[in-house]
Amino acid sequence: MCNLYSETKGQAAIRAAARAMRDLTGNLAPMPGIFPDYPTPIICTGEDGVRELVMARWGMPSPAQVVFEAASARANKLRARGGSVDFAELLKMEPDKGVTNVRNLASSHWAPHLALASRCLVPFTSFSEFNREAGGDIWFARGEDRPLSFFAGIWRRDWTGVRKIRTGVETIDAFAFLTCRPNAEVEAVHPKAMPVILTEDWELEQWMLSPWEEAKALQRPLPDGALQIVAKGVKLDDA
């Protein structure tokens, strides 16, 4: 599971590569370490149909059953200590850390997010897969110069819920990116999965503009040899 990546190219490069006509990010600094729930840039389609660069937080809302089970477990612990429980209120305030990586697109939970308006591009320059035996965080990129690439993502505008107990109810824009089986380089470190990576102009356009029956073909690994390890054992890819 990829829960750490970097984006160190300027916003002008992102806009040009993704053909974004509007930039709502302000002054976008390099981000050598992006973690779950961080606000980070994505390319999406605005409500008026214009492609735009915006900030969103990494982690789509979890399935309702996952949140319900977490709240139930919390309620049981409170009852075991002799406390009274207002389960409806507990459920409302149950933190949802969000889903960062999405694999099973046949799930009914993700079906509403596969339409054109819910697709996004997530710019990145490198990503990390953790493997303790291999040295900790293992950073992959398409080259030592870390060329700009994009994850195939989905997003949701104006989600209202709780991410952290201390911050309470918030309304945020949220996103996640797709994963697939790994290619050879990633499999050696993380056999389970890798992010869905788009590198060609036509791939970006197909993800953002094509019907789902065509766009879903992009959920596949990069060819073997397309990635290399560019750093090991560091939390930030500063190169």
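Colleague: What do buried and exposed mean here?

Modeller: Buried means under 20% relative accessible area, exposed over 50%, and partly exposed in between, with a 1.4 Å probe and protein chains only. This is a predicted model: local features need pLDDT of at least 70, side-chain atom pairs count only at pLDDT 80 or more, and totals for chains, interfaces and linings use all residues. Residues are numbered from 1 along each chain as its sequence is written, and side-chain values use heavy atoms, leaving out hydrogens and water.

Colleague: Which exposed residues does α2 carry on the face turned away from its buried side?

Modeller: Lys-77 and Ala-80. Helices are DSSP runs of H or I, at least four residues, and strands are runs of E, at least two, numbered from the N terminus.

Colleague: Which residues of α2 are buried?

Modeller: An α-helix has 3.6 residues a turn, so residues three or four places apart point the same way. In α2 the buried ones are Val-67, Ala-71 and Ala-75. Down the helix axis they fall within an arc of 75 degrees, so they line one face of α2. The arc is taken from the directions from the axis to the C-beta atoms. Part of their cover is α3 (87-92).

Colleague: Where does Ser-62 lie?

Modeller: In the loop between β5 (51-58) and α2 (64-80). Ser-62 counts as buried because its relative accessibility is 13%.

Colleague: What does Ser-62 touch?

Modeller: Contact means heavy atoms within 4.5 Å. Leaving aside residues up to four places away in sequence, Ser-62 touches Val-67, Asp-96, Gly-98, Val-99 and His-109.
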